[in-house]
Amino acid sequence: MMIYDLIGSVFIGVSIVCFAVAADFAPGGVNGLAVMANYLVNIPIGLATILINIPIILFTFHSLGKLFFLYSVKTMVISSLFIDYVLCNLPVYHGNRLLAAILAGLTAGIGYSLIFNEGSSTGGTDFIIAAIKKKRPKMTFGLLAFVIDGIVVLLSIFVFKEALAFIYGMLYTVITSVALDLCTLVLKKCHLTYLDCEEI
């Protein structure tokens, strides 16, 4: 699981640090709130993520179970440390904002899928998604992520004060949701193929 945590955290961190922040739009979820906090008061994104997560953890802890909670806190800390101390040293993309939103969505979707499918999460709205998923198993991660992330992106209008930030944020949300579900489908098929090979 640690390998998936590390790889997933790199994808998510690249999405935020290298694409979203540089293009001046907020991704969805707690990461989006953390990006807006960074934009307004210059607090480190990883630290803001942990601080915003605290009340969400308190409200969702009982419905998620101890094991999932511990796994998720571990992943959340790893992801936050990567964002503030490792990935901040990577070169930032300063090109077309539309392309930045697309790349941010793709990398985030892959990262979240790797982490979700190993029974963990990055905390925050992931806790809310997992709690809803537990009660409504037929709902996909991508659909839940789209709804919750869309609400956060809507709030970004009041922070960045431009319509384009909202449009790019919503585009990011759509692409992340699609990439998350597609990557999850591929991972499940690969897992089933691996199990079939073991049985032969």
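The model is predicted, so local features need pLDDT of at least 70 and side-chain atom pairs count only at pLDDT 80 or more, while totals for chains, interfaces and linings use all residues. Residues are numbered from 1 along each chain as its sequence is written, and side-chain values use heavy atoms, with hydrogens and water left out.

Start inside. In soluble globular proteins, nonpolar side chains tend to be buried together. A nonpolar core here is a set of buried Ala, Val, Leu, Ile, Met, Phe, Trp, Tyr and Cys residues joined through side-chain atoms within 4.5 Å. Buried means under 20% relative accessible area, exposed means over 50%, and partly exposed lies in between (1.4 Å probe, protein chains only). The largest nonpolar core holds 38 residues. Phe 25, Tyr 112 and Phe 160 touch the most other members. At least two residues of this core come from each of helix H1 (2-20), helix H2 (29-41), helix H3 (45-64), helix H4 (66-86), helix H5 (97-116), H7, helix H8 (157-160) and H9. Helices are DSSP runs (H or I, at least four residues), numbered from the N terminus. A second, separate core has ten residues. Among them are Val 30, Ile 56, Phe 68 and Ala 130.

Which residues does Tyr 112 contact, leaving aside its neighbours within four places in sequence? The partners are Ile 12, Asn 31, Thr 122, Asp 126, Tyr 172, Thr 176 and Leu 180. Contact means heavy atoms within 4.5 Å.

Ser 72 lies in helix H4. Ser 72 counts as buried because its relative accessibility is 0%. Beyond its neighbours within four places in sequence, Ser 72 is in contact with Ser 120, Ser 121 and Phe 127. Ser 72 and Ser 120 are 48 residues apart in sequence, yet their C-alpha atoms are 5.0 Å apart in space. Ser 177 lies in helix H9. At 7% relative accessibility, Ser 177 counts as buried too.

Now the surface. Leu 143, Phe 146, Val 147, Ile 151, Val 174, Val 178 and Leu 182 form a nonpolar patch there, with about 600 Å² of accessible area together. Helix H7 (141-155) and helix H9 (163-199) are the elements that give two or more residues to the patch. H7 supplies the largest share, four residues. Patches are made of residues with over 30% relative accessible area and no salt bridge; like charges are joined within 9 Å, and nonpolar side chains (Val, Leu, Ile, Met, Phe, Trp, Tyr) within 5 Å. Accessible areas come from the Shrake-Rupley method with a 1.4 Å probe, and for residues only the protein chains shown count as cover. Leu 143 lies in helix H7. With 44% relative accessibility, Leu 143 counts as partly exposed.

Charge comes next. Side chains of opposite charge can pair when their charged atoms come close. A salt bridge is a side-chain nitrogen of Lys or Arg within 4 Å of a carboxyl oxygen of Asp or Glu. The count comes to two salt bridges. One joins the side chains of Asp 5 and Lys 74 (2.2 Å, N to O). Asp 5 lies in helix H1 and Lys 74 in helix H4, so this pair ties together parts that are 69 residues apart in sequence. Asp 5 is buried, at 2% relative accessibility. Lys 74 is partly exposed, at 26%.

Arg 97 forms a salt bridge with Glu 162, with the closest N and O atoms 2.8 Å apart. Arg 97 sits in helix H5 and Glu 162 in the loop between H8 and H9, so this link spans distant parts of the chain, 65 residues apart. Both ends are partly exposed: Arg 97 has a relative accessible area of 23%, and Glu 162 has 28%.

What about the cysteines? A disulfide is a pair of cysteine sulfur atoms within 2.5 Å. By this rule the count is zero disulfides. Cys 18 is in no disulfide; the nearest cysteine sulfur, that of Cys 88, is 9.8 Å away. Cys 18 is buried, at 6% relative accessibility. Cys 183 is buried as well, at 16%.

Finish with the backbone. Most residues other than glycine have a negative phi. Asp 24, in the loop between H1 and H2, has a positive phi near 55°. Asp 24 is partly exposed, at 35% relative accessibility. Asn 42 also has a positive phi, near 60°. Asn 42 is placed in the loop between H2 and H3. Asn 42 is exposed, with a relative accessible area of 63%.
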